[in-house]
Amino acid sequence: MITVTHLTKQYGPRTAVHDLNFEVKKGEIVGFLGPNGAGKSTTMKILTGFMPASEGKVMIAGHDVFHEPIKVKQSIGFLPENPPVYPEMSVNQYLDFAARLHQVPPKGQAAAIANTLKRVGLWDVRHRLIQNLSKGYRQRVGLAQALVHNPPVLILDEPTVGLDPKQIIEIRELIKSLRGDHTVLLSSHILPEVTATCDRVIVLNRGKIVAEDTIDHLTSRAQGGLIYALTVRNVKAAGVEALMQLGKIHTTGNRLTIELKSEDAREKVIETAVKHDMGVLEFVADKVSLEDIFLKLTTNEGSLA
Ligand SMILES: Nc1ncnc2c1ncn2[C@@H]1O[C@H](COP(=O)(O)OP(=O)(O)O)[C@@H](O)[C@H]1O
Ligand SMILES: [Mg+2]
């Protein structure tokens, strides 16, 4: 549904995104994750035809963004970083404006607006002026304008930024409800956001893709299998050699990490260390969190060593 090949964007001498290649399949919800300045908004503006690329190609729903911009705009709903909502309009008026802008046929307009208002939970406030709405409701108005023409593809740039925890949950639920009918690419600079809503993540750092994976796969990688850390008073060579029979060992000072072949081997680890008089101080599961992985990916070279 979204295919990006060799996408590069320069702002003058500065390269904001460099040689991006990725794909989002029909019905997928994909998270575009990366720290501030990674190039998320730049990529999204190019995908939606709001800004030209320096190099590369983008196909949305079978249309080339650079050669068929009108077709692409009909297939896409975009919630930009700063949604252009007009404070002096009522919710209804604004959606009417958005529907016309997105070329919803006049006959179907009233129904499209009503459906969208109900879908995003704005029906009860449809006569209110946008300026009198809370930030969470204004964000819903932004989502509503992206949805009103029922586009197959949705591009949402940091949809929950600036919202309170309750509003965040509401917007997440709303996004999850789009699954299946719509193909969604949503950006965030925080990990929990994408793990809560997305099937898959593309991690961007300094304008480059540093990882692309399913949440499930990332989570199991984060749990790191059966890795345990053993801290001892004395690291004894014979003891370490005996422990090697139980799994792969990595020693840092008096702390040994052991990748066990089975959970049952935990008992053997302690027995072995005690037998060799190593002085066991601590034995714990050595968990790597998803946060750790994200930090590792988005600092320095951003590679998973
Ligand atoms: N209009 C612009 N002119 C020059 N540099 C820009 C412009 N917009 C963004 N940048 C730079 O491009 C990089 C990527 O920015 P952006 O796409 O906004 O990242 P993100 O959305 O991931 O925070 C940053 O270094 C930013 O300073
Ligand atoms: Mg941004």
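Which element gives the most to the shell around ligand 1? In this predicted model, the contribution comes from helix 1, with three residues.

**Figure 1. Close-up of the residues that surround ligand 1.** The shell comprises Tyr11, Arg14, Ala16, Gly34, Asn36, Gly37, Ala38, Gly39, Lys40, Ser41 and Thr42. Two or more of these residues are given by each of strand 2 (14–24) and helix 1 (40–47). Sorted by class, the shell around ligand 1 holds six polar, three nonpolar and two charged residues.

**Figure 2. Close-up of the pairing between strand 3 and strand 8.** Strand 3 (residues 29–33) runs in the parallel sense with strand 8 (residues 183–188), and five bridges join the pair. Within this view, Phe32 is placed opposite Ser187, a residue of strand 8.

**Figure 3. View of the two domains assigned to the protein chain.** Domain 1 covers residues 2–214, and domain 2 covers residues 225–286, according to the domain assignment. The centres of domain 1 and domain 2, taken over C-alpha atoms, are separated by 49 Å.

Terms used: Residues are numbered from 1 along each chain as its sequence is written. Chains are lettered from A and ligands numbered from 1 in the order in which they are written. This is a predicted model: local features need pLDDT of at least 70, side-chain atom pairs count only at pLDDT 80 or more; totals for chains, interfaces and linings use all residues. A residue is near a molecule or strand if its C-beta atom, placed from the backbone, lies within 6 Å of it. Helices (H or I, at least four residues) and strands (E, at least two) are DSSP runs, numbered from the N terminus. Ala, Val, Leu, Ile, Met, Phe, Trp, Tyr, Cys and Pro count as nonpolar, Asp, Glu, Lys and Arg as charged, and the others, Gly among them, as polar. Two strands pair if DSSP finds at least two bridges between them. Domain bounds come from an automatic or database domain assignment.
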